[in-house]
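Take a look at the model below.

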Amino acid sequence: MSHPESSTHLQLGVCDYPEHVAEDRWRVYARQQRELGLRFVRLAEFAWSRIEPRPGEYDWDWLDRAVAAYDAEGLRVVLCTPTATPPAWLIRAHPEILPYDAQGRVREFGSRRHYDFASPVYREHSRRITRALAERYGEHPAVVGWQTDNEFACHGTGRSYGGASAAAFPGWLRQKYGTLEALNAAWGNVFWSMEYSDWAQIRPPVLTVTEPNPAHVLDYFRFASDLIRDFQAEQVAILRERSPGRFVTHNFMIFESGFDHYAVARALDFASWDNYPTGMLEYFAPPGTGEDLKNRYARTGHPDLVAFNHDLYRGLTGKPIWVMEQQCGQVNWAPFNPLPAPGAVQLWTAQAWAHGADVVSYFRWRAATMGQEVLHSGLLRHDETPDRGFAEVQALDTAQFPLGDVSARVALLHDYESLWLYDAQPHNAALSYWAQTVTFYSALRSLGVDVDVVRANTDLSGYAVIVAPAITLVTPEMAARWTAAVEAGARLVCGSRTAFRTPGRGATVSGDPLGRGATVSGDPLGRGATVSGDPLGGTWEDGQFGPLTPLIGARLLQYDALRPGLTQPVSGGYSARFWAESYRLLGAQATHTYRGGPQDGQPAVIQHGNVTVVGAFSEALIRDVLRGALEAAGVPITDLPEGVRLSRRAGVTLVQNWTDEPVTWQGQTLPPVSFEVRHDL
């Protein structure tokens, strides 16, 4: 099930907190929400202490009455499992539930997300409270769906580096590798004498004197991700059993890196995410742009940062998404929190629809009058008067936003394991996996192209252009899929550091064909086996591009990490920043070369048939190479002014102006911070 009720156009909702206000406000708020045109209300994600104030003592009366108040106004309820906030009585009775940070310190009670996913005690209480909620409300006619927990991994809580997680990690490794010989070979532990002779010697990869072994890091991140997947799976199984016919989703986070979202989303009906454009800009502005760009988009956020997340979360399941929390005024958690521009809330809502959102739910109804979020806005101010976001929602005509497919001929490849390895050893503090990936994505959007963000290991048939900005860990299966797509006629454009890392060759582990771990002879888990092959997260014995070498027709020659202010000229009038790698040609041709510097005359961009690799980090060069690939593939291009974007859904084009100035484009003037729905593009 993807959505609770059939609809032909975008629907709206809100996050509300009846436990925060007097009961005489509940029916008033529900009526106001209905009159505003809202259809859904999300409840109870942080309400555990009110649901179960003491161990085993449930207070359902207040939540029964709250659900009834919304139901009376025809609002449909999304209930949440409240496990993001275990209550004080549980933590004090079982302090072993608490997680550890990367400095080995216990993260204390008094905020949220204060639990270790590996804790067997907490897992039991998670199942228990989920079961109690599902038994109480699972078949309530007003309840149409469930949200699991809240914002997995937010605040750096995706990984605990001590306690229950530290205790469980060796067992996870033993199940995966079988023998210490296999693990030592897979991790390359002969380096720096890191070999283990007992499973109990293995700890999380933190507090090392210098950087930890990247293979150790990658496996710990996989382990922590598996914990989140399994934690949620327990809740989902209970909800499926006790609440049949209702959807189950989770509200993912902005550019969250703490776990493999594809694995976690597999159990869900569809993905949701929480969209806060102005706060996002403060943390994820494009690299090297400084304060000018942040000031330019301070009141709207950057269109491509927001759009990328929409497309990423739509790609997790391939189904329409919900924006479970949509910013509707200023936020409170970024370093700087300006008021959004007039029109921004409508613009964000329209963009969400155009990128595949069937429902947009605003955070929150009334601004909090207590706790850590009193500076965060709501649709109502603290004094219950309508805020600016309320007026924008009130004026929004959702009938102009029909539901339907988002059709894209371009796929941008994404992979969490590549993200983890890239950022574990970035080699240049000015670059990150997200920065490199979004640079390619933004170039595509500036050319007016719709994009699917998809898993790097997925079936790519049907796409005209495939873009792999930063897939540094390439498995043989990925290489086979990419090769098949190119042989079928697709154009492939890769960024620097493609296929630099090896997954470790050979063994199939627990039916996983990704080749994780070392090559072994005999038992695939390495029990009693002789281990050989490339270490996990290392480099290919025959060099980059490993299994992609026949497709790319070249090997890595050199790479240059350029410090801020140090640039590398490239033929054609381009200039590389941050990164410049060159290649030894084995059939490919150089289309651009370096000019001057230590790589003078060496290839900066190479082409081999339908495959192009851009080794120089230059926004202008990347954009022009992508333009060439799109043109060669017959994908229509529309050059867009700065801050103007096109998005298409259900045969409708959304034209957006994210700047604070009018923009003239195609003979028409787009007002500041505005959108237009067009049927003629």
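This report covers helix packing, then cavities and pockets, then the backbone.

## Ground rules

This is a predicted model, in which local features need pLDDT of at least 70 and side-chain atom pairs count only at pLDDT 80 or more, while totals for chains, interfaces and linings use all residues. Residues are numbered from 1 along each chain as its sequence is written, and side-chain values use heavy atoms, with hydrogens and water left out.

Helices (H or I, at least four residues) and strands (E, at least two) are DSSP runs, numbered from the N terminus.

## H5 beside H8

Two packed helices are described by the angle between their axes and the distance between the axes. Helix H5 spans residues 120-137, and helix H8 spans residues 214-242. Their axes come within 9 Å and cross at roughly 25°. That makes H5 roughly parallel to H8. Axes here are lines fitted to C-alpha atoms, for helices over the stretch in contact, with angles from 0 to 180 degrees between N-to-C directions. Angles under 35 degrees count as roughly parallel, over 145 as roughly antiparallel, 65 to 115 as roughly perpendicular, and the rest as oblique.

H5 passes H8 in a right-handed crossing. A crossing is right-handed if the near helix is turned clockwise from the far one by less than a right angle, and left-handed if anticlockwise. On the H5 side, the contact includes Tyr-122, Arg-123, Arg-127 and Arg-131. On the H8 side, it includes Asp-230, Phe-231, Glu-234 and Arg-242. Contact means heavy atoms within 4.5 Å. By class, the H5 contact with H8 holds six nonpolar, three polar and seven charged residues. Ala, Val, Leu, Ile, Met, Phe, Trp, Tyr, Cys and Pro count as nonpolar, Asp, Glu, Lys and Arg as charged, and the others, Gly among them, as polar.

## H3 and its two partners

Helix H3 covers residues 61-72. The axes of H3 and H5 come within 12 Å and cross at roughly 50°. H3 and H5 are therefore oblique to each other. Their crossing is right-handed. Leu-63, Asp-64 and Val-67 in H3 meet Leu-133, Arg-136 and Tyr-137 in H5. This contact has four nonpolar, no polar and two charged residues.

H3 also packs with helix H1, residues 26-35. These axes come within 8 Å and cross at roughly 30°. H1 and H3 are therefore roughly parallel to each other. H1 passes H3 in a right-handed crossing. Trp-26, Arg-27, Ala-30 and Gln-33 of H1 take part. Their partners in H3 include Trp-62, Arg-65 and Tyr-70. The contact of H1 with H3 divides into eight nonpolar, one polar and two charged residues.

## Cavities and a pocket

Rolling a probe the size of a water molecule over the atoms shows where empty space is left. On a 1 Å grid over the protein atoms alone, a cavity is a set of points where a 1.4 Å probe fits but cannot get out; a pocket is an open set with protein on both sides within 12 Å along at least five of seven lines; lining residues have an atom within 4 Å of a point. Grid points are joined across faces, edges and corners, and a volume is the space filled by probe spheres set on the points. The structure holds six cavities of 30 Å³ or more. The largest cavity has about 90 Å³ of space. Its lining includes Cys-328, Leu-339, Asp-387 and Glu-392. Helix H14 (residues 388-394) gives the most to that lining, with three residues. The lining divides into five nonpolar, three polar and three charged residues.

The second largest pocket has a volume of about 730 Å³. It is lined by 32 residues, and the closest to its centre are Asn-213, Pro-214, Gln-425, Arg-501 and Gly-537. H8 and helix H15 (416-424) each supply at least two lining residues. H8 gives the most, with three. The pocket lining divides into 16 nonpolar, 12 polar and four charged residues.

## Backbone features

A cis peptide bond joins Phe-363 and Arg-364, with omega about -5°. Arg-364 sits in the loop between strand S9 (357-363) and H14.

His-155 has a positive phi of about 65°, although it is not a glycine. His-155 is in the loop between strand S4 (143-147) and helix H6 (163-177).
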